[in-house]
Amino acid sequence: MRSIWNGAISFGLVSIPIKLVNATENHAVSFRQIHTADGGRIRYRKVCELDDEEVPAAEIGKGYEEADGSIIPITDEDLAALPLPTAKTIEIVAFVPASSIDPLQMDAAYYLSANGVPAAKPYTLLREALKRSQKVALAKFALRGRERLGMLRVVDDVIAMHGLLWPDEIRQPEGVAPQTEVTVRAAELDLADALMDTLGTVSMDSLHDDYREAVELMIAAKSEGGRALPEAAPAETGGQVIDLMAALESSVRAAKEAREEGTEAAEVTPIAGRKRTAAKKTAAAKRPVAGKGSAGKAAAKSAAKGSARGGAKKSTAAGKGAQSAKTAAKSVKSTARTAGTAKKAAKAAPKKRASA
């Protein structure tokens, strides 16, 4: 990749020669302006206002316009002579947690490449230090005629730098939030949570620009002599939400159906307070029933009483010394003998009825 800036990272007394490379690229389809009557290309020509003649790029310079309209010429030599320590240096000023950087400040992204063999060691040192500290570096640098703020972080085995807007370049969101007072119910939040869980996560690599693909198909069809394009699906109209709860419930159902058609089914978060009675009835129906007949009932009651007495003795003994623990153990053995006697009685009861 072609570098757009050469300089060095200033890390205390350590200097790391680097090259700056663009980390992103624009894939949008670009258009040219044409004359609709005959298809001729529309071009912009840079013309001097004084002599009305086109000026070549080599003769175009910079100038600052004052309030009265007069222009003060500014040369590249004037800018190079400014006492700016970051003109050719990315000066690290602090190391901070990444969470302290407001995403609103994020601007263009760059890769920093070690420039030459001697730069490999200090470059690797800074990279590993950033990894171990789990922090990012705040830095100042100059690019394209102005000083900028940057954030250095590690991406794979490379140090990347995000240009940051200065704090005073972030506008305050005055008048943007709803001005009317709104109350959100807990049930609505539960449904919103369920919808978020149902939608789940997505792989960033699976996302693509549908609009760009449609434009490319349309251009290809026109270049092939007006080939018919596939019909576009009707656009969904938002409209006014009349029942927020109904809309959320419908969204959860639609998202769940869409997930079930894929590789794995969606799991919707249950909403608290609903269908608890039915769940209790189902649990009660599944409980095991004690043996039938009077002997069976007696055995069950005897075992239950024995267990209750044993549990009570054991619970009381838990807060006392070793002697109380022995008493609880004897009680448990007694409970076991009682349960065994009840079981024998339950087996013997049917035999007595048969002999009668």
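What follows is a working chat about one predicted model of a protein chain.

Biologist: Before we start, what sort of model is this, and how are the residues numbered?
Modeller: This is a predicted model, in which local features need pLDDT of at least 70 and side-chain atom pairs count only at pLDDT 80 or more, while totals for chains, interfaces and linings use all residues. Residues are numbered from 1 along each chain as its sequence is written, and side-chain values use heavy atoms, with hydrogens and water left out.

Biologist: OK, how many helices and strands are there in the protein chain?
Modeller: The protein chain has 8 helices and 9 strands, where helices (H or I, at least four residues) and strands (E, at least two) are DSSP runs numbered from the N terminus.

Biologist: And what share of the residues counts as buried?
Modeller: Of the 356 residues in the protein chain, 18% count as buried, with buried meaning under 20% relative accessible area, exposed over 50%, and partly exposed in between (1.4 Å probe, protein chains only). The chain exposes about 27700 Å², and carbon and sulfur atoms supply 55% of that area; accessible areas come from the Shrake-Rupley method with a 1.4 Å probe, and for residues only the protein chains shown count as cover.

Biologist: What about contacts between residues 24 or more positions apart?
Modeller: Those pairs account for 61% of the contacts in the protein chain with a separation of 6 or more, a contact being heavy atoms within 4.5 Å.

Biologist: Let's look at H5; how many residues does it have, and how far does it reach?
Modeller: Helix H5 covers residues 244-260, which is 17 residues, and reaches 24 Å from its first C-alpha to its last, close to the 24 Å expected at 1.5 Å a residue; the expected span is 1.5 Å times one less than the number of residues.

Biologist: Which of its residues are buried, and why do they line one face?
Modeller: Met245, Leu248, Val252 and Ala255 are the buried ones in H5. Seen down the axis of H5, its buried residues fall within an arc of 95 degrees, so they line one face of the helix, the arc being that of the directions from the helix axis to the C-beta atoms. As background, an α-helix has 3.6 residues a turn, so residues three or four places apart point the same way.

Biologist: What do those buried residues pack against?
Modeller: The buried residues of H5 pack against helix H3, residues 186-199.

Biologist: Switching to charges, how many salt bridges does the structure hold?
Modeller: There are 9 salt bridges in the structure, each being a side-chain nitrogen of Lys or Arg within 4 Å of a carboxyl oxygen of Asp or Glu.

Biologist: Take Glu54 and Arg45; are they buried or exposed?
Modeller: Glu54 counts as exposed at 51% relative accessibility, and Arg45 counts as exposed at 56%; their side chains meet in a salt bridge at 3.7 Å, N to O.

Biologist: And what about Arg185 with Glu188?
Modeller: Those two side chains meet in a salt bridge at 3.3 Å, N to O; Arg185 is partly exposed at 47% relative accessibility, whereas Glu188 is buried, with a relative accessible area of 11%.

Biologist: Where do Lys131 and Glu128 lie?
Modeller: Both lie in helix H2 (residues 120-133), 3 residues apart, which is about one turn of the helix, and their side chains meet in a salt bridge at 3.7 Å, N to O. Lys131 is partly exposed at 35% relative accessibility, and Glu128 is partly exposed at 36%.

Biologist: Which residues are linked with them in a network of salt bridges?
Modeller: The network links Arg127, Glu128, Lys131 and Asp157.

Biologist: While we're in H2, how far is Lys121 from Ile16?
Modeller: Lys121, which lies in helix H2 and is exposed with a relative accessible area of 67%, is 105 residues from Ile16 in sequence and 8.9 Å from Ile16 in space, C-alpha to C-alpha.
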